[in-house]
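Work through the exercises below with the sequence and the 3D structure at hand. Each task is followed by a solution in steps.

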Amino acid sequence: MDDFRGIADRIALDIARGRLRTGQRLPPQRAFARRHGIAASTAGRVYAELVRRGLVVGEVGRGTFVRATEVTPQGRALVEDGTARVNLELNYPSVPGQSKLLAPALAPLLRPDALGDALRTGAADGTPRAREAVAALLATGDWRPEPGRVLFTGNARQAVAATLASLVRPGGRVGVEPLTYPLVKEVAARLSVTLVPVATDERGPVVESVRAAHRSAPLSALYLQPTLHNPTSLTVPTERRLQLARCVEDLALPVVEDRVWSFLGTGPEPPLAALAPGLVHVVDSLSKRVAPGLTVGFVVVPRDRLDAVAAAVRSGGWGPGAFALEAAVRWIGDGTVARLVAAKRAQAGRRQRLVRELLDGFAVRADPCGYFAWWELPAPWRADGFAAAAAAHGIGITPGTAFRVDPKRTPDAVRLGLASAAEPELVGALRTLAELAARGPLGRQSSSPS
């Protein structure tokens, strides 16, 4: 009898060769089992494997549908020939002239006498110059982290992983917003940590929901994105931040505050770290400010947790590269990062104006400063169906299901990443998506956009 993976491979090949098309419904699992002469449980494993590969999506009460003929390295469907002509999934901002700005600081590191040192592994606590530079970079309002509390990783994902690993034992529980950064779900799975959704409203996480989740079974930590939350763009107002700070202090509950997108924000809201400094661990990086290919992650930790987080960085092999760390110090020190941040803020503002203009009338939630938009789709569209239809038109978008924590809650929404596509491509993609949304999944007019 065929192994379920072999059967899944054959179905994947049918999808890749176009014999099964984007949006096509697969037979019910029992019918599939009869057709292939396998047990119903084996058919279930085949379908689960196809879902894991990102080739199909299951919708409760509707069935299992083909997403696309190829998948990205991240496992999410793009278009039928395997390439997204306009990629609104990836979200790494770049501005004209960026490489020219970055090159001068790297030139001295390429000399033979300097390259040897630059290619070694960096330490979790970096260097005194790096700690000072990053403390200055992250400072905002009245908050300036102490340089001695800054640790370094290879990127923000590793910073999150190391911080959670230092706080939560396998089997532990971490409170998160109901929609959260997909890579945090992957990190939690690798650490054998359970994510617990905490209710949110139009102002952010609901304090009583945090308390209730902690009462039901103690939480080991909270992971929050209070500034430019990905994917909803919500920024938590100061009053709610103060309430959250009092709550975590009452509960002695550590917090991981993800501020990777906060450099775009211009509001007065203080970091949670300024309000509960003994509990909040700030995670940030250069990946969005500068570029993903040569980046460094940062963690600002409470002083009494320096050794624990540094040990997690070392044990996970998540330390920074010395070359990237030295480049970061130079880019911060010579003003390159500040110039890139200013250019990217302006670019994000232009792209948000395009969203407001071209998706006018639809239920789109976005921040004028942000690089993404959360689109609640008109009925009868479903998120994965719309993503598959967009892929067939050469546009990669992220369905809301990628962000959900509770698998029983399926948001009929998609996230549009505005950072990676060129602006002319973005204009064309937004127009196509607007027409697609209005036309409906079967080519009929959808419900009127709200």
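**Exercise 1.** Identify the buried residues of helix α10 in this predicted model and decide how they are placed around its axis.

Solution. 
- Apply the cut-off: a residue is buried at under 20% relative accessible area. In α10 this picks out R240, R241, L244, A245, C247 and V248.
- Check their directions: they cover an arc of only 165 degrees around the axis, so they are on the same side of α10.
- Look at the face turned away from that buried side: it carries the exposed residues E239 and D250.
- List the packing partners: the buried residues pack against β8, β9, α9, β10, β11 and α11.

**Exercise 2.** Determine whether T153 is buried or exposed, and describe its surroundings.

Solution. 
- Locate T153: it lies in strand β5, residues 150–153.
- Its relative accessibility is 1%, so T153 counts as buried.
- The T153 side chain reaches the backbone oxygen of N155 at 2.7 Å.
- Beyond four places in sequence, T153 touches residues including Q158, V296, F298 and W318.
- Turn to F298: this residue is among those with the most contacts inside the largest nonpolar core, which has 58 residues. Helix α13 gives the largest share of this core, eight residues.

How values were computed
Residues are numbered from 1 along each chain as its sequence is written. This is a predicted model: local features need pLDDT of at least 70, side-chain atom pairs count only at pLDDT 80 or more; totals for chains, interfaces and linings use all residues. Side-chain values use heavy atoms; hydrogens and water are left out. A nonpolar core is a set of buried Ala, Val, Leu, Ile, Met, Phe, Trp, Tyr and Cys residues joined through side-chain atoms within 4.5 Å. Buried means under 20% relative accessible area, exposed over 50%, partly exposed in between (1.4 Å probe, protein chains only). Helices (H or I, at least four residues) and strands (E, at least two) are DSSP runs, numbered from the N terminus. A polar contact is a pair of N or O atoms within 3.5 Å; within protein, one must be able to donate a hydrogen and the other to accept it, and residues adjacent in sequence count only if both atoms are side-chain atoms. Contact means heavy atoms within 4.5 Å. The arc is that of the directions from the helix axis to the C-beta atoms.
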